[in-house]
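Here is a short report for a reader meeting this structure for the first time. Please look over the sequence and the model before reading on.

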Amino acid sequence: MNTQGVVTGINASLVKVKFDGMVRQNEICYLHLGGTQLKSEVIRIKGDQAEVQVFESTKGLRPGDSAHFTGELLSVELGPGLLGQIFDGLQNPLDQIAKETGFFTPRGFEVPKLSRANSWAFTPTTFKKEKLIGGQPLGFVQEKAFKHQIFLPFDCIGTWEILSIAPAGDYHLDQSIGHARGPHGEQRDLFLSFQWPVKRPIQAFMERLAPSKPLITQIRLVDGLFPVAKGGTYCIPGPFGAGKTVLQQLTSRYAEVDVVIIAACGERANEVVETIYEFPKLNDPKTGKSLMERTIIVCNTSSMPVAARESSVYTAVTLAEYYRQQGLDVLLLADSTSRWAQALRERSGRLEEIPGEEAFPAYLESVIAAFYERAGLVRLLDGHLGSVTIGGTVSPAGGNFEEPVTKATLKVVGAFHALSRERSDARKFPAIDPLESWSKYQGVIPPEARAGINQLLHQAKQVEQMMKVVGEEGTSQEDFLLYLKGELFERVYLQQNAFDAVDAACNSERQTFAYNLIKQVIDSPLAPETKDQARALFHQIRQHLLDFNAAPWGSEALKTQVAQLQELLTQEAA
Ligand code: ADP
Ligand code: MG
C-alpha cells in the first residue's frame with residue numbers, strides 16, 4: 001500500500017506534503033493535479049511533512065490537492081537501446097516525446113525510457129540452477145557495435161539461483177527472459193533491462209584501480225603536457241568563445257574511448273540546441289558511421305525545473321557506469337557543471353538552508369567530490385577492466401577561478417585544462433593555456449621531459465615580456481634563442497588545427513615521434529650570429545615542422561620533411 005499525502009504549501013517547484021505512513025528521503029512522489037500527475041522527489045522530511053521538489057511546473061496546484069508516494073527512488077532504466085539516444089535529465093527520450101506530443105510537452109506526460117517497439121536478439125550464457133550475483137551476465141544482445149551484456153540486476157543482493165532462462169530468440173524489453181530466486185527465497189522475473197537509482201554509484205565490480213593509463217585524446221597539448229587518465233577526472237573552465245564546443249567535439253570523436261556521454265546543462269537553451277543539432281551530424285573517424293552510434297546525450301536547459309537540472313548529471317553518470325560494467329571505456333563530458341551547481345543553490349535557497357560561500361549550499365564541495373568520485377578504472381567481476389573518465393567544464397563568472405564551484409572542482413580533479421579567452425583571441429588553438437594548466441597523470445611525454453618543456457615555455461614567456469620593455473637590441477642572443485625555441489614549440493606542437501584533415505588528430509606514436517623531432521631541434525647546438533639570422537633559421541625550421549604536421553602519418557611527404565629538417569640541423573650545427 002502506497003503512502004498517501006495532501007499538499008499543504010507551494011513555493012515554486014518546492015511543495016510541502018503532509019503524509020500518512022512511511023516516506024523515505026529521495027523517493028518519488030506524484031502530485032495529483034486534475035487528471036495529471038506531477039512527478040517529484042522527496043528532498044526533506046520533517047515529522048509528518050515531506051518537502052518535495054517537482055520536476056515540472058506547479059502552476060495550478062493548490063493546498064488540499066492529493067499526492068501519493070511510490071516508495072521508489074529516482075531511477076534510470078538500464079538496458080539495450082541507450083546508445084544514440086538524446087534524453088532529458090529524467091531519461092525521457094526527447095525525439096519520442098516530440099513525436100507524440102509536438103513542440104510542447106504536456107505536464108505529467110511520460111513515455112517508456114527505452115523503446116518497447118524494438119526487439120533484441122538475446123543469447124543466454126547462463127543456465128538453469130546456475131548461481132549468480134548481481135552484475136554477472138545472464139546473456140547478451142548486440143547493440144550497435146557492442147556486445148551488450150544483460151546482467152542479473154545490480155540490486156540482487158547475495159547469491160541468486162536461476163530458476164529458468166529463456167532460449168535464444170528475439171525479445172522486447174517487456175518480455176521476461178527468466179526467473180531467479182534470492183538467498184531468502186524471494187523470486188524475481190528477469191528482463192533485458194532494469195531500474196537503478198541515479199544517486200547511488202554502481203559497485204558491481206571486484207575492485208577499483210588507480211587510473212594509470214593515459215586516455216589518448218589525440219590532442220598533442222593534452223596528451224603531451226596535461227594528460228587525462230582512463231578512469232581519471234579533469235576540469236575545463238569555459239569562457240564563451242574560447243573553443244569549448246570545438247574541443248568537446250574533437251575529444252568525442254578522437255579520444256580513445258568506446259562510449260561518449262554528453263551531459264549538456266545549458267544556461268541558454270541555444271547552447272544545448274547546438275549540441276543536439278551538431279552531434280548527430282558528426283561522423284565517427286573510427287567507423288565512418290555517425291558518432292551518435294556510440295554516444296548518449298543527456299540535456300537540460302535553465303528553463304527546465306531545478307530538480308530536472310540537478311538530476312541530469314546523475315542520470316548521465318549512471319549511464320556511464322552502466323557501460324563501464326560492459327567492460328568499456330566511457331568518457332563523460334559534463335557541460336557546464338556550474339549550471340548544475342546553480343540548480344543546487346536554487347534548491348538550497350528554497351529550503352532556507354544556511355548558505356555557504358556565494359549562497360551555494362555549505363555541502364557544495366562534498367556533492368561535487370561525490371560526483372567526480374564516480375569516475376574510475378575498475379576490475380569487473382569477470383576480470384575485465386572498464387573505465388569512466390569525467391571531464392567537467394565550469395563557467396566561472398569573469399574568469400575568476402576563486403569562485404566556489406571552480407575551487408571545489410579543482411580540489412578533486414586530476415587535471416586542469418585552462419581554456420583561455422586570451423589565447424583564442426590570438427587564434428592559438430586549442431586555447432588551453434600551458435602556463436596555467438596542470439595534470440597529475442602520466443602522458444605521452446615522460447614527466448622529466450614535461451618539466452623541461454614547462455620550464456622552456458615559462459622562460460620564453462619571460463624573455464618575451466622583457467623584450468617588450470627593452471626591445472630586441474637589449475636582449476642577449478642566448479635569451480633570444482630561448483624565446484624562439486619556446487615560440488617554435490608553441491606553434492608546431494601545442495597548436496593543432498582542428499579543421500585540417502591530418503592535423504586534427506595525432507595518434508600517440510606520431511606524438512612521440514613529433515616530440516622527439518622538436519626536442520632534437522631544441523637541443524641542437526644552433527648558433528646563428530645575429531637575431532635576423534636566428535629568426536630566418538627558425539622560420540625555416542617552423543615551416544618544415546608545419547609541413548610535417550600536415551603530412552599523413554607514414555607518407556613520403558612526411559619522410560621528406562624529416563630528412564630536410566635533419567639536413568638543415570646538421571648544416572647549422574656550430
Ligand atoms: P565556445 O564553444 O567556447 O563558445 P567554439 O568552440 O564555438 O567556442 O569556438 C569558437 C571558434 O574558435 C570556432 O568557431 C573556431 O573558429 C575557433 N576554434 C575553436 N577551437 C579551435 C581549434 N581547435 N582549431 C581551430 N579553430 C578553433
Ligand atoms: Mg559553444
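How far does a backbone N or O atom of Ala242 lie from an oxygen atom of ligand 1? The distance is 3.2 Å. This is a predicted model, in which local features need pLDDT of at least 70, side-chain atom pairs count only at pLDDT 80 or more, and totals for chains, interfaces and linings use all residues. Residues are numbered from 1 along each chain as its sequence is written, chains are lettered from A and ligands numbered from 1 in the order in which they are written, and side-chain values use heavy atoms, with hydrogens and water left out.

**The ligand**

Ala242 is one of the residues with a backbone atom by the ligand. The table lists such pairs.

| Residue (backbone N or O atom) | Distance to an oxygen atom of ligand 1 |
|---|---|
| Ala242 | 3.2 Å |
| Lys244 | 2.8 Å |
| Val246 | 2.8 Å |

On its own, ligand 1 has 560 Å² of accessible area, and the protein covers 78% of that. Such areas come from the Shrake-Rupley method with a 1.4 Å probe. Around ligand 1 there are 13 residues (a heavy atom within 4 Å). Gly241, Gly243, Lys244, Thr245 and Val246 come nearest.

**A covered strand**

Strand E21 spans residues 295–301. Strands are DSSP runs of E with at least two residues, and helices are runs of H or I with at least four; both are numbered from the N terminus.

E21 has parallel partners. Strands pair if DSSP finds at least two bridges between them. Strand E8 (residues 86–88) joins E21 by three bridges, and Asp88 stands opposite Cys299. Strand E20 (residues 259–266) joins E21 by seven bridges. There, Ile262 stands opposite Ile297.

**An open sheet**

Four strands form an open sheet in the order E12-E11-E9-E14, with antiparallel pairing. E12 (146–151) and E14 (169–171) stand at the edges with a single partner strand each, so one side of each lacks a neighbour in the sheet. On average, neighbouring strands are turned by 40 degrees against each other, direction ignored. Two bridges join E9 (residues 120–124) to E11 (residues 137–143). Pro124 has Gly139 as its bridge partner in E11.

Helix H5 (residues 306–325) packs on this sheet and touches E11 and E12 (heavy atoms within 4.5 Å). Its direction makes about 100 degrees with that of E12. Axes here are lines fitted to C-alpha atoms, for helices over the stretch in contact, and angles run from 0 to 180 degrees between N-to-C directions.

Notes:
Buried means under 20% relative accessible area, exposed over 50%, partly exposed in between (1.4 Å probe, protein chains only). A polar contact is a pair of N or O atoms within 3.5 Å; within protein, one must be able to donate a hydrogen and the other to accept it, and residues adjacent in sequence count only if both atoms are side-chain atoms.
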